[in-house]
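Visitor: Could you walk me through a protein model in short questions and answers? I am new to this.

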Amino acid sequence: MIKFSLTCDHGHEFEGWFGDNDDFARQNKRGFITCPVCSSDKIEKSLMAPAVSTARKRDEKVRLASVRAHQAHMADQLKQLRKHVEANAENVGEKFPEEARKIHYGEVEARGIYGKASMHEAAELIEEGVGVVPLPDLPEDKN
């Protein structure tokens, strides 16, 4: 398949896909190609820039590949962090803000904990000086 830039006799520009140049010529001769704007069947091929792979396009592909590799590495690091926390701390679930405060104010023995807190609760803990670090949900956590 080949894409041609086309123009009707009223100056409207559009594109069309054809098997080859002869396919375009046959369809055009029989009036099968019409302008999508004005329905004119007097159609000509326009000049068209070739699809050339430029250094900029190659550089963009390399940059995107690098970004994707970096994202995959960061996701792996986050998985390892989460596993470490889960293996070395107690899951206190929804009681996290309450337990974190008790530990911070010396009401209970200090220990590593993790659990759930809303953004509002986490912000309040930080304002009180309670050291908290969010563990982000990973894509597979939502599946």
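Guide: What follows is a short tour by question and answer.

Guide: This is a predicted model, where local features need pLDDT of at least 70, side-chain atom pairs count only at pLDDT 80 or more, and totals for chains, interfaces and linings use all residues. Residues are numbered from 1 along each chain as its sequence is written, and side-chain values use heavy atoms, with hydrogens and water left out.

Visitor: Which helix has the highest mean pLDDT among the elements of the protein chain?

Guide: pLDDT is the predictor's confidence in each residue, from 0 to 100. The protein chain averages 90, and 92% of the residues score at least 70. Helices (H or I, at least four residues) and strands (E, at least two) are DSSP runs, numbered from the N terminus. Among these elements, helix α2 (residues 55-88) has the lowest mean, 89, while the highest, 97, belongs to helix α3 (residues 96-104).

Visitor: What is the order of the strands in the open sheet of 3 strands?

Guide: Two strands pair if DSSP finds at least two bridges between them. β1 pairs with strand β2 (residues 13-18) over 6 bridges, in the antiparallel sense. β1 also runs antiparallel to β3, with 3 bridges. The edge strands pair on one side only, and the order is β2-β1-β3.

Visitor: By how many degrees are neighbouring strands of this sheet turned against each other on average?

Guide: Axes are lines fitted to C-alpha atoms, for helices over the stretch in contact, and angles run from 0 to 180 degrees between N-to-C directions. For this sheet the direction is ignored, and the average turn is 40 degrees.

Visitor: Is strand β1 largely enclosed or open?

Guide: Buried means under 20% relative accessible area, exposed over 50%, and partly exposed in between (1.4 Å probe, protein chains only). In strand β1 (residues 2-8), 5 of the 7 residues are buried. The strand is therefore largely enclosed by the rest of the structure.

Visitor: Which side chain makes a polar contact with that of Thr 7?

Guide: Thr 7 is found in strand β1. Thr 7 stands opposite Glu 13 in β2 and opposite Glu 44 in β3. A polar contact is a pair of N or O atoms within 3.5 Å; within protein, one must be able to donate a hydrogen and the other to accept it, and residues adjacent in sequence count only if both atoms are side-chain atoms. At 2.3 Å, the partner of Thr 7 is Ser 46.

Visitor: Is Ser 40 buried or exposed?

Guide: Ser 40 lies in the loop between α1 (21-29) and β3 (43-45). Contact means heavy atoms within 4.5 Å; not counting residues up to four places away in sequence, Ser 40 touches several residues, among them Cys 8, Asp 9 and His 10. A polar atom of its side chain lies 3.2 Å from the backbone nitrogen of Lys 42. The relative accessibility of Ser 40 is 10%, so Ser 40 counts as buried.

Visitor: What is the phi of Ser 39 near?

Guide: Ser 39 lies in the loop between α1 and β3. Ser 39 is exposed, because its relative accessible area is 54%. Most residues other than glycine have a negative phi. Ser 39 has a positive value, near 70 degrees.

Visitor: How many Å separate the C-alpha atoms of Met 119 and Cys 38?

Guide: Met 119 is found in helix α4 (residues 119-127). Met 119 counts as exposed because its relative accessibility is 74%. Met 119 and Cys 38 are 81 residues apart along the chain, and their C-alpha atoms are separated by 57 Å.
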